[in-house]
Amino acid sequence: MTGFDANEHLTPFRDARGYGAILFDRTQVRQPEPEWFDPGHWGMAAQPVGEGGRGGAWFIDSGQGDALLRHYLRGGLMAKFSHDRHLWRGIQRVRSFAEFRLLRTLRAKKLPVPLPFAAWYRREGLHYQAAILMQRLRDVRSLAALAADEAAPWEAAGQLIARFHRAGLDHADLNAHNLLFDGQGRGWMIDFDRSHLRIPATGWREANLQRLLRSLHKRRGARSAEAVEADFARLRAAYTAAWERGY
């Protein structure tokens, strides 16, 4: 649970399809409009994100700085029935609002995550759609892409994950596309949908790491399974050392 945030502002709206609200950071945007969360509003200034995920993300050139727009899509079997509609369970369970607030909390802990600008939802009957607008990280590549080029910073990746785990971040989908690095080796973690802060414990930390290992095997391309295991062992050793240091 997060505390009171004086810079957080909520603006309700109603349109022809339903009603909803926009949660935003008043230090970053003055008053976002509902149409900002529709990539069609931006025209050619919205470019689909190609790497990772199931689609539903666009880089936005707003004329006032770059941003990333992401819609919350359904996965697995449920995606066959509803691409982007989620069961309404109250405003406190809106996925975009939860991620917006988690990002702000992680930044307050000095963790390297994108700056959130605004989160949106629209409710129609028993279902809702959601989206989030946040900072675009420039000149970064994912751990998956770097691994394919034999250029992944395995030790830095392990240290980065340990840093988040030490802060209590249980990432719901820690895969090789959700760790990003720039040319100087600085790392970021992204995509915190359904993630939570909790007391650090062995069980969920290990589950995060095993999920990452499975994603590295899934995206190994021409690399052998043995090479993936060897590289992950380097990541794991750096993670363990950082965890035991406590910082």
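## Stop 1: a salt bridge and a network

Select Arg-186 and Asp-182. Their side chains form a salt bridge, with N and O 2.6 Å apart. Keep in mind that this is a predicted model.

Is Asp-182 buried or exposed? Asp-182 has a relative accessible area of 10%, and buried means under 20%, so Asp-182 counts as buried.

Now select Glu-150, Glu-155, Arg-223, Asp-231 and Arg-234. Salt bridges with shared partners tie these residues into one network.

## Stop 2: a link across the chain

Next, select Arg-138 and Asp-66. What joins their side chains? A salt bridge does, at 2.6 Å from N to O. The pair connects distant parts of the chain, 72 residues apart. Color the two sites separately. Arg-138 sits in the loop between strand S8 (127–135) and strand S9 (140–142). Asp-66 belongs to strand S5 (residues 66–71).

Arg-138 has 47% relative accessibility, and Asp-66 has 26%. The partly exposed class lies between under 20% (buried) and over 50% (exposed), so Arg-138 is partly exposed, and Asp-66 is partly exposed too.

## Stop 3: Arg-141 and Asp-149

Move to Arg-141. Its salt-bridge partner is Asp-149, and the closest N and O atoms are 2.6 Å apart. Arg-141 is partly exposed at 38% relative accessibility. Asp-149 is also partly exposed, with a relative accessible area of 46%.

How many salt bridges does a search of the whole structure find? The search finds 19. To see them, display the charged side chains together.

## Stop 4: the cavity

Hide the surface and look inside. The count is 1 cavity of 30 Å³ or more. The largest cavity holds about 30 Å³ of space.

Which residues line the largest cavity? Select Ala-144, Ala-147, Ala-148, Leu-216, Arg-219, Arg-220 and Arg-223.

Color the lining by class. You will find 4 nonpolar and 3 charged residues, and no polar ones.

Finish on helix H3 (residues 143–148). This helix gives the largest share of the lining of the largest cavity, 3 residues.

Methods. Residues numbered from 1 in each chain as written. Predicted model: local features only at pLDDT ≥ 70, side-chain atom pairs only at ≥ 80, totals over all residues. Heavy atoms only, no water. Salt bridge = Lys/Arg side-chain N within 4 Å of Asp/Glu carboxyl O. Helix = DSSP H or I, 4+ residues; strand = E, 2+ residues; numbered from the N terminus. Buried < 20%, exposed > 50% of the residue type's maximum accessible area, 1.4 Å probe, protein only. 1 Å grid on protein atoms, 1.4 Å probe; cavity = no way out; pocket = protein on both sides within 12 Å on 5 of 7 lines; lining within 4 Å. Points joined across faces, edges and corners; volume = space filled by probe spheres on them. Nonpolar A, V, L, I, M, F, W, Y, C, P; charged D, E, K, R; others polar.
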